[in-house]
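Please open the structure in a viewer and keep the selection tool at hand.

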Amino acid sequence: MEIGQLRALREVQARGSIAAAAQALHVTPSSVSQQLSALQRKAGTALTFKQGRRTALTPAGLALCRAAADVEVALARAETAVQRFADDAGAPVSVAAFHSAGLALFRTLEQAVAESGGPRLALSDEDVAQQDFATLTADYDVVVAHRLANSPGWPATVHATALAFEPLDVAVGAGHRLARRKSLVPADLRGEQWISVHRGFPLEGAIELIGTLAGEEAAIAHRINEFFVAASVVERGSCISLMPRYTVNRMHFPQLVLVPLRTPRLGRHIDLLARPEAMERTGVQHVIRALHTVMAGLADAGALPAPIR
């Protein structure tokens, strides 16, 4: 039984005719008649009968009409509960982020949301391949995701909000031969030992592209997904890597130097993913605004210093 059919039955009972019910429902009398016929076939018994010029309900019709009223009450209560949930700025909001974004964003985000009277946060880190970020929206209200420039966009089943475009720079130790350079091209990187990521993660393709443009296969010495672990190896060793400009806090690595590439101009999109219904929640919108503010601060603070003299 469909709610439209039950509503047609209730209006006929209340108004005494199919024509009056149709006028109240803003449909044609034929439409009301079809709704009643379909409902009667489903019920398996007569629901209405003619009483002079009026259309009256049989005992079965009256019983179903009373049940239809209960259905309407339940629907109204459900709609009210959903609306209250959507409007409740204090309802918890779960946020997941890839590791470097979580480390860069979470502490400041939690403070900013608390100070602005926002919702309680449930924060999680998720280290997944690019194609799996959209799936995380089934478990979290907001997902901080990344994808390389020119890679496929996110599926239409999720709502994507651009947070930032983060350049990828060549990371070297302060004692490395390239540490004093203002910028680099792939040919400058021939013969270098790379720290790459695990196979299947987007950064691997960017390093392979640099090798191709340099005319050699990039030599991979280590595979480390966590940028902060890779930074500690780069800072004190002879390997190089690609590092995001904003989300690796160089204050923790005073001997780490980031040198921009002139070509190719590499970077990654940092986006916020959510299911469309989550975007209707006041608390989710509050958190997204706070994430934009925190990310803008990181971008301002992440401007590259002058090269080592």
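The stops that follow take in helices, strands and loops.

The model is predicted, with local features requiring pLDDT of at least 70, side-chain atom pairs counting only at pLDDT 80 or more, and totals for chains, interfaces and linings using all residues. Residues are numbered from 1 along each chain as its sequence is written, and side-chain values use heavy atoms, with hydrogens and water left out. Helices (H or I, at least four residues) and strands (E, at least two) are DSSP runs numbered from the N terminus.

Select residues 3-15, which form helix α1, and residues 18-25, which form helix α2. Their axes come within 8 Å and cross at roughly 120 degrees. Axes here are lines fitted to C-alpha atoms, for helices over the stretch in contact, and angles run from 0 to 180 degrees between N-to-C directions. The two helices, α1 and α2, are therefore oblique to each other; angles under 35 degrees count as roughly parallel, over 145 as roughly antiparallel, 65 to 115 as roughly perpendicular and the rest as oblique. The crossing of α1 and α2 is right-handed (a crossing is left-handed if the near helix is turned anticlockwise from the far one by less than a right angle, and right-handed if clockwise).

Which residues make the contact of α1 and α2? On α1 they are Arg7, Ala8, Glu11, Val12 and Arg15, and on α2 they are Ile18, Ala20, Ala21, Ala24 and Leu25; contact means heavy atoms within 4.5 Å. By class there are 7 nonpolar, no polar and 3 charged residues in this contact. Ala, Val, Leu, Ile, Met, Phe, Trp, Tyr, Cys and Pro count as nonpolar, Asp, Glu, Lys and Arg as charged, and the others, Gly among them, as polar.

In the loop between α2 and α3, select His26. Its phi is near 60 degrees, a positive value in a residue other than glycine. Most residues other than glycine have a negative phi, and most peptide bonds are trans.

Select residues 48-51 (β1) and 54-57 (β2), which pair in the antiparallel sense over 4 bridges; two strands pair if DSSP finds at least two bridges between them. Gln51 has Arg54 in β2 as its bridge partner. The hairpin has 2 residues between the strands, and Gly52 takes a positive phi near 70 degrees.

Select residues 99-115 (α5) and 282-301 (α8), whose axes come within 9 Å and cross at roughly 125 degrees. That angle makes α5 oblique to α8. The crossing is right-handed. By class, the contact of α5 with α8 has 10 nonpolar, 2 polar and no charged residues.

Select residues 193-196 (β7) and 219-223 (β8), parallel strands joined by 4 bridges. Between them the chain passes through helix α6 (residues 202-214), and this β-α-β crossover is right-handed (with the strands pointing away from the viewer, the path from the first strand over the helix to the second runs clockwise). Ile195 stands opposite His222 in β8, and its bridge partner in β9 is Ser241.

**Last stop: a cis peptide bond**

Select Pro264, in the loop between β10 and β11. A cis peptide bond joins Thr263 and Pro264, with omega about -10 degrees.
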